[in-house]
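Morning, everyone. Please have the sequence and the model open while I talk.

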Amino acid sequence: MGKGVRMKVIEIKNLHKTYQSNGQEVHALRGIDLDIESGEFSAIAGPSGSGKTTLLNVMGGIDRPDEGDVIISGQTMKGLSESELSKIRLNRIGFIFQAYNLIPVLSAVENVEYVMLLQGVEKHERREKALAMLRDVGLEKESHRRPAQLSGGQQQRVAVARAIVSGPEIVLADEPTANLDQKTGSSLLDLMKNLNHERGTTFLFSTHDPMVMDRAERLIRITDGRITL
Amino acid sequence: MSGYKMTVMLAWRNVWRNKRRSFLTFMTIAAGTALILFMRSLQNGGYAQMIEDSVAPRTGHIQVHEKGFWENMTLEYAFMDDNELFNKISSMKNVKGISKRISTGGLLTHRDSSAGCEILGIDPERERDIITMDRYVLPGGKFISPSDKNGIVLGRALARVLDAGVGDEVSLVSQGFDGSIAAKNFMVRGIFKSPNVQYNRTLGIISLDAAREVFSMMGHVTAYAIRASDIDSVAGLAARIRSVTDDTFEVMSWDRLNPEILQFIALDRASGHIFVMILYLIVAFGILNTIQMSVYERTREFGIMLSIGTGPERIFRMILTESFFVSAMGIALGMILGYGLSWYFTVYPMDFSEYESEMEMYQVSTLVYYAKIKISDFIRASVIVFLLAGVFSYFPARRASRLDPVTSMREL
Ligand SMILES: Nc1ncnc2c1ncn2[C@@H]1O[C@H](COP(=O)(O)OP(=O)(O)OP(=O)(O)O)[C@@H](O)[C@H]1O
Ligand SMILES: [Mg+2]
């Protein structure tokens, strides 16, 4: 997919999500409409509790909205079964979470391979791609270390490698730098930005860090479950 | 690596993740399994020994009598000695020994003391293959010889009641086969102390020839006693003997000759079951505890795995596999320990001879306990532990696989 041709990767229509918390209703999302096009490098920004995580979860098919729809490359997620959603998450979306993304008993390269294994990629190809991916995120030498033997920044790089290794349509990253210091966070953003440039990978990440917001090409502001612009 | 291999590898590594906990569970399973097996082996050995202790000194494996003899124990139920039948039985397969016996009740008197007793007339030569009573004769005395028509060997407790020792003369009064009074003086040749308390209290042994005379048997005997080559061939042999005897006879095997042993074994087994069930429960809760803890601690990890597209069934299988590994290793070690422990006691039995008088008070007459290993116990125990592991891991595994990724990732 060339960089010039922009297609809607995700279309969101009138998303509502309410949680029950101690008998009280919490309106996490109150009617969100949003389109993400391929090749975007965008940030969702908002204060704590504004609904960033909820929005990303619903977009990624981890959570279900009470109302509204998420359409990924033209396919609606409405009415999909758990296992259909699981397949979409596996094959079409890359996830990066704030921390502890990785399976602790697998080495860096095995963590990257894991997704491909679930996809049924053949062994040889899997290993090759995973190692190449780790090289791209600068962890060639650390490929056989377990997560506990990696720094927080290195762990997040492995998570990035895992998220994009099988070419998802979009990478959803929930505060990927929140647990990192300024410098490490900044270089993780550099990495993501590079991948976005070189591979055209679509990134959507959430943050409440102004430094991170500055680096985004598009900023989506969200307050109290609504997009505020 | 296939998907299944990955599940197995993840499970294997997860087992070693919390080494201390896995080790504890592993040891719980191993110790539980070993104890269960050891206890079973001791029971097997104890029962075999008890059977042997009752059968060997006295009843033999099989007895042939006239119908009614065993209930009444009187000479009225003696039968005409039939050499053809006797020889036929003695040539059967699995017959280790066979002999003729005359037994009946009587009264023994020595000076001012007298006691009711059971008189057993035997052929010491032939009985050597059947009973081992001669082994139990205490030093200073001897067993009777075939030609000894005046000698008697007394159980120790009986001798005490009579206050009779080796060389003393005791008088027997009873009733003969023909209804006449049977009375005769016997010389005490020896005193025996067998592992069976009751025999020591009631039994006086004389030679078959002496019994024939004193009871005026006129060619009759009360029993043919048979010893089989081993306990497991008894049932088949008894059936074969039955097929050559007419229905005036009854052919009884050791379990009917010694019904109290079977009762005791049944009772002891039942109490053993309770103990074993407690051990199984301990093992089961050990497994449940580990799996539950390890699942609980990994809530967020499962959330991540589910989020990135891991199928719930994969997580379910992974946890069951973890439990399988821990239990398989525990069972394997448990078997080795259980076998070793049991084996030791097959070679060096527990010997309670020192506590004989205490044991006698509890009517326990077997003093030496060997263990006896049965493969079937090992198979049963390992199957049960595996099943328990399966059942007790099933629920935590199912819960983990059904976690909601959103809520599980909110936990840290
Ligand atoms: N599973 C849940 N149960 C109950 N309430 C929830 C749940 N998930 C989210 N909420 C509530 O919904 C609102 C939005 O939460 P969300 O996690 O999306 O915010 P956020 O913008 O990601 O916040 P932060 O910056 O702190 O991560 C909050 O008030 C939160 O307490
Ligand atoms: Mg959040």
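In what order do the six strands of the open sheet in chain A run? The order is β6-β7-β8-β3-β9-β10, with mixed pairing. Strands here are DSSP runs of E, at least two residues, and helices are runs of H or I, at least four, all numbered from the N terminus. Two strands pair if DSSP finds at least two bridges between them.

Now the edges. In chain A, β6 (93–96) and β10 (226–227) each have a single partner strand, so one side of each is left without a neighbour in the sheet. Strand β9 (residues 218–223) of chain A pairs with β10(A) in the antiparallel sense, over two bridges. I227(A), in β10(A), is the bridge partner of I222(A).

A quick note on ground rules. This is a predicted model: local features need pLDDT of at least 70, side-chain atom pairs count only at pLDDT 80 or more, and totals for chains, interfaces and linings use all residues. Residues are numbered from 1 along each chain as its sequence is written, chains are lettered from A and ligands numbered from 1 in the order in which they are written, and side-chain values use heavy atoms, with hydrogens and water left out.

Next, the interface. 23 residues of chain B are in contact (heavy atoms within 4.5 Å) with 26 residues of chain A. How many salt bridges does the rule find across the interface of chain B and chain A? One. The rule wants a side-chain nitrogen of Lys or Arg within 4 Å of a carboxyl oxygen of Asp or Glu. R13(B) and E110(A) form a salt bridge through their side chains, at 2.6 Å, N to O.
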